[in-house]
Amino acid sequence: MTLLTTSDFAKAAQISRQSAHRVLSSAIQGKPWRGFNLCAVKLSGQSSGKGGIVLAVDVPRSSPALRGLLGLSETLPSTTIEERLKGRAEPWQIDIAADKYRVITPVLRTLPGSPERAQAIRDLAALPAHQIGNSWTQVKQRTLYDWLNAAEGDVSGLVPGSRSDRGQRRVRISRAWDTGCGLPEDVQDQISGKLAGVVRGLLAKGRSERNVRTLCAVELQKLTVEAGVELPKAQLAQLCKLNAKWSAQFCEMKAVHAFTADNKTYTDKHEFHVRRGLTARPMEVLMGDVHTVDLTIAEALSSKFSKLHDVAFDAALAGQVSVKAWLIAWMDGSSGYMWATPVITAPGQGITQQDVALSLYEVLSCPWGGMPDEFMIDNGGEFGFLAESVIRFAAMAEISGLGVVRCRPYHPEGKARIEGAFGVITRGFISALPGYNGGNILKPRLKSRGKAVASYNRGAKQLVEDLHLAIAQYNGTAQQGDLAGLSPKAMLSDKAEATGWQAQRIDDPDMFDLVFSREERRDVRQGTILIGKRKYSGAVLAELIGEKQVPVLVPWRDSNGPIILFRDGIIHHLTEETFALNDREGAVRKSGMVGLQKAEIARRKATAAEVDVQQLLSDAADLGPVQHNAPVNWGFNAIDKGGFIGRADQRGGSPRTAKRGIPSDE
């Protein structure tokens, strides 16, 4: 607010400062000045005035006529609240102010200026003592009046002043060492600084405060002796003892250790996290995560995933191994509504991409689920197929805006809501089931001394039903916080109605497999495609005789089932077929495929023109004579079959040679 102090008001009204003070004092009691009602206020903590109180006029609350009389401009001298802030009051100051207000409460109940008020003041002053803070003291009438004026005006006047050296450390290391070492202050400051560096380094290395005090006490003895102090060893050790208050002032270095050595602790406790609220419309974000069920399970009797774990379940049924339960969960970001699929595994098994795909199918085919705008998933490998699948779906459906977000490790804000829901489900619903081990399989809850809680023994089929029931109970139970007393199911219904949202379902299994599958490229050989050790065939492969690197899709829901060849907008299923030696169906199947292949060859032949290969070869070749220059004729003088030419002459003359193949001029 913009204020006109007493001095400024005196200048504007052209009166003395004393008169201005009387006018403002009367205005506080409701008396007008020159026909105007002055909006006067009290300011405490200023440099002048009785008890540090200054009177002022609140200009914005004054009438335009009064402002015109005073000749006030638009830009006025002001004393804002921000300019008067002196910092935070300590708890003991607030307690003393509250005690002062309590003492004068009987006076505040009387009328100002009345005999009853004066008598109440005298009665309070006559009491031997009042409790103010932690001490008892007698209060004089003048002090009671000061408290009364503050209570009826600016109550901050009841708050005692703070120390001028507030915030400054008055003990360097310990009172015993500061006063007993006998070193000059500048030397003490040097030792204190060196020791502070040592303790910071130790805490940054992860040492505990107790261990830090022990090590630093030895270092302090060393620094003290180096500074020239000569004391017996026992006396020096006693003098250099360090307390918890000294080491606590350096506890900020624990965050440094967490940052360098324990990323999870640092991100959980120190790193800034953005609070995420609910989305406005259902299925804008679908969060996915896997959670271990905190149950000790004795046996597995059946499971909807029995195809995946035949060997493991046989062993479990035989009592050879124990099993483990999981929840693959999906949560709508607008309501917290959760879909969850229980999975039961044997030792050495975990959640696979196939398990996640089976669970996701339940969400995408649900009438109140469907395809989300964005997936927010864990960083685990079991969700690795989603990114490629979403890209394929967006390209096929010509949809923009679809995306997959992977949460960074140890950053809970990404999927904190679904992890928090796991905690609610575990504590509120799964904990009611038999076999609940409290979340620690190594140290399960004890039924009695030395006796652990019995394991879950209802069988795998009932376990699946119990887990589904726990999820249903969670979805139907009212929650506070962002849900504001609604259940996740009710919140989902309300937002669907408010926004007119409809689920974009993928209820066709073939369509789901077309999207959520991995692409492989294989050559077509003998009318089949080989993936791993499995050979897949189908009528469509008869049209692809000899084709190379044909793209096929292996569905994540069942990687051992039929695969997909998507050709010309048509989904073709390729299956693995094996026939017994005496199975006539094998011969029928072969005959049918051979017939299709022959038909394909005939179709291809029909597209070919009749050609004379020899003629085309001759046309492509140069069959004319060789082009050459005029030849040089070569001849021979004689043919020396006996080897006489070139022998030494019998008369001793030089031998004569005849050169064969040399052209003759004769």
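Select Arg 213 to begin: at 18% relative accessibility, this residue counts as buried, where buried means under 20% relative accessible area, exposed over 50%, and partly exposed in between (1.4 Å probe, protein chains only). The model is a predicted one, in which local features need pLDDT of at least 70 and side-chain atom pairs count only at pLDDT 80 or more, whereas totals for chains, interfaces and linings use all residues. Residues are numbered from 1 along each chain as its sequence is written, and side-chain values use heavy atoms, with hydrogens and water left out.

**Stop 1**

Glu 209 and Arg 213 are four residues apart in helix α11 (residues 209-226), so about one helical turn separates them. Helices (H or I, at least four residues) and strands (E, at least two) are DSSP runs, numbered from the N terminus. Glu 209 also counts as buried, at 19% relative accessibility.

Next, select Lys 254. A salt bridge joins its side chain to that of Glu 209 (2.9 Å, N to O). Because Glu 209 lies in helix α11 and Lys 254 in helix α14 (residues 253-261), the pair ties together parts that are 45 residues apart in sequence. Lys 254 is partly exposed, with a relative accessible area of 40%.

Gly 206 may be selected from here, in the loop between α10 (185-204) and α11. Gly 206 is partly exposed, at a relative accessible area of 38%.

**Stop 2: Arg 589 and Glu 577**

Which kind of interaction joins the side chains of Arg 589 and Glu 577? They meet in a salt bridge (2.8 Å, N to O). Arg 589 lies in helix α23 (residues 584-606) and Glu 577 in the loop between β18 (570-576) and α23, so the pair ties together parts that are twelve residues apart in sequence. Both residues are partly exposed: Arg 589 has a relative accessible area of 25%, and Glu 577 one of 31%. For a network, select Arg 172, Glu 185 and Asp 189, which are joined by salt bridges that share partners. The count of salt bridges comes to 17.

**Stop 3**

Select helix α1 (residues 6-13), in which Thr 6, Phe 9, Ala 10 and Ala 13 are buried. Viewed down the axis of α1, the buried residues fall within an arc of 100 degrees, so they line one face of the helix; the arc is that of the directions from the helix axis to the C-beta atoms. Gln 14 follows α1 and has a positive phi, near 60 degrees.

Proceed to Leu 38, in the loop between α2 (17-28) and β2 (40-44). Leu 38 counts as buried, at 8% relative accessibility. Leaving aside residues up to four places away in sequence, Leu 38 touches Phe 9, Val 23, Leu 24, Ala 27, Trp 33 and Leu 66, contact meaning heavy atoms within 4.5 Å. The C-alpha atoms of Leu 38 and Ile 28 are separated by 8.1 Å, the residues being ten apart along the chain.

**Stop 3: the nonpolar cores**

Select Trp 330, Leu 360, Leu 386 and Phe 516, the residues with the most contacts inside the largest nonpolar core, which has 31 residues. A nonpolar core is a set of buried Ala, Val, Leu, Ile, Met, Phe, Trp, Tyr and Cys residues joined through side-chain atoms within 4.5 Å. The elements giving two or more residues to this core include β7 (324-332), α17 (353-364) and α21 (488-499). Helix α17 supplies the largest share, six residues. A second, separate core of 28 residues includes Ala 340, Leu 433, Tyr 456 and Ala 460.

**Final view: the whole chain**

Clear the selection and display the entire protein chain, which holds 24 helices and 18 strands. Of its 666 residues, 37% count as buried.

Key
A salt bridge is a side-chain nitrogen of Lys or Arg within 4 Å of a carboxyl oxygen of Asp or Glu.
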